[in-house]
Amino acid sequence: MDLDPSTDLSFTRTLAVPRQLIWECWTEPKHIPHFFIPAPHKVTAVDIDLRVGGRFNTTFDVDGHVMDNHGVYLEVVPGEKLVFTDTYTEGWKPAPEPFMTAILLLSDAPGGGTTYTAIARHRNEGSRKSHEDMGFFDGWGTVVTQLEAYAKSLMP
């Protein structure tokens, strides 16, 4: 996948968890609260309709402030790729203040793990810079660390 450094932020990590389990964590609502936002913040609600055009809605509690995040899936390749955005909501309704499109790429890593690539694609350089300054690498890095720990806890 071609990245544009002026609008895209990205990192790749190898996780010591099978790819199918990482996929399940990202696509089943019961798993999302366990990793999706850096602790001590919490996900308080998740609503997923896993199909192109389907909703990916989450509600967060961040320091006592409720934050609703409504999005839609743009691409779903089972076990390999998830693309979702807050640019639209279900029914292709444009969002008033879109921020980014997220792309998650999963592939098998040596030893039974997962190569995990996260990409945040922004509308312009200013949005990308703002996301980087907000702590993209620390925040999304924390999320993937939490994801790996949670997924390991599900392994037999």
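Lys81 counts as buried at 18% relative accessibility, where buried means under 20% relative accessible area, exposed over 50% and partly exposed in between (1.4 Å probe, protein chains only). Its side chain meets that of Glu75 in a salt bridge of 3.1 Å, N to O, and Glu75 is partly exposed, with a relative accessible area of 31%. The model is a predicted one, in which local features need pLDDT of at least 70 and side-chain atom pairs count only at pLDDT 80 or more, while totals for chains, interfaces and linings use all residues. Residues are numbered from 1 along each chain as its sequence is written, and side-chain values use heavy atoms, with hydrogens and water left out.

**Salt bridges**

- The count comes to eleven salt bridges, each being a side-chain nitrogen of Lys or Arg within 4 Å of a carboxyl oxygen of Asp or Glu.
- One of them joins the side chains of Asp8 and Arg121, at 3.0 Å from N to O.
- Helices (H or I, at least four residues) and strands (E, at least two) are DSSP runs, numbered from the N terminus.
- Asp8 is buried, with a relative accessible area of 8%, whereas Arg121 is partly exposed at 28%.
- Arg51 forms a salt bridge with Asp49, and the closest N and O atoms are 2.8 Å apart.
- Arg51 is partly exposed, with a relative accessible area of 40%.

**Five-stranded sheet**

- Five strands form an open sheet in the order β1-β10-β9-β6-β5, with antiparallel pairing; two strands pair if DSSP finds at least two bridges between them.
- β1 and β5 stand at the edges with a single partner strand each, so one side of each is left without a neighbour in the sheet.
- On average, neighbouring strands of this sheet are turned by 10° against each other, direction ignored.
- Axes are lines fitted to C-alpha atoms, for helices over the stretch in contact, and angles run from 0 to 180 degrees between N-to-C directions.
- Strand β9 (residues 100–108) and β10 run antiparallel and are joined by nine bridges.
- Met100 has His122 in β10 as its bridge partner.

**Helices on the sheet**

- Helix α1 (residues 19–27) lies across β1, β5, β6, β9 and β10, and runs at about 155° to β9.
- α3 packs on the sheet and touches β1, β9 and β10, with its direction at about 25° to that of β1; contact means heavy atoms within 4.5 Å.
- The 19 residues of α3 should span 27 Å at 1.5 Å a residue, which agrees with the 27 Å between its end C-alpha atoms; the expected span is 1.5 Å times one less than the number of residues.
- Buried residues of α3 include Phe136, Gly139, Trp140, Val143, Val144, Leu147 and Tyr150.
- The buried residues of α3 pack against β1, α1, β9, β10 and α2 (125–134).

**Three-stranded sheet**

- A sheet of three strands is open, with the order β2-β3-β4 and antiparallel pairing.
- β2 (42–48) and β4 (65–69) are at the edges with a single partner strand each, so one side of each is left without a neighbour in the sheet.
- From one strand to the next, the twist averages 10°.
- Six bridges join β2 to strand β3 (residues 56–62), and the two run antiparallel.
- Opposite Lys42 stands Asp61 in β3.

**Aromatic pairs**

- The structure holds 13 aromatic pairs; rings of Phe, Tyr and Trp (its six-membered ring) pair if their centres lie within 6.5 Å, and planes under 30 degrees apart count as stacked, over 60 as edge-to-face and the rest as tilted.
- Tyr73 and Phe84 form an edge-to-face pair, at 6.3 Å centre to centre and with 75° between the planes.
- Tyr73 is in strand β5 (residues 72–77) and Phe84 in strand β6 (residues 81–85), eleven residues apart.
- Tyr73 is buried with a relative accessible area of 0%, and Phe84 is buried at 10%.
- The ring centres of Phe136 and Trp140 are 4.8 Å apart and the planes are at 45°, so this pair is tilted.
- Phe136 and Trp140 are four residues apart in helix α3 (residues 136–154), separated by about one helical turn.
- One aromatic cluster is formed by Trp26, Phe35, Phe36, Phe56, Phe60, Tyr73 and Phe84.
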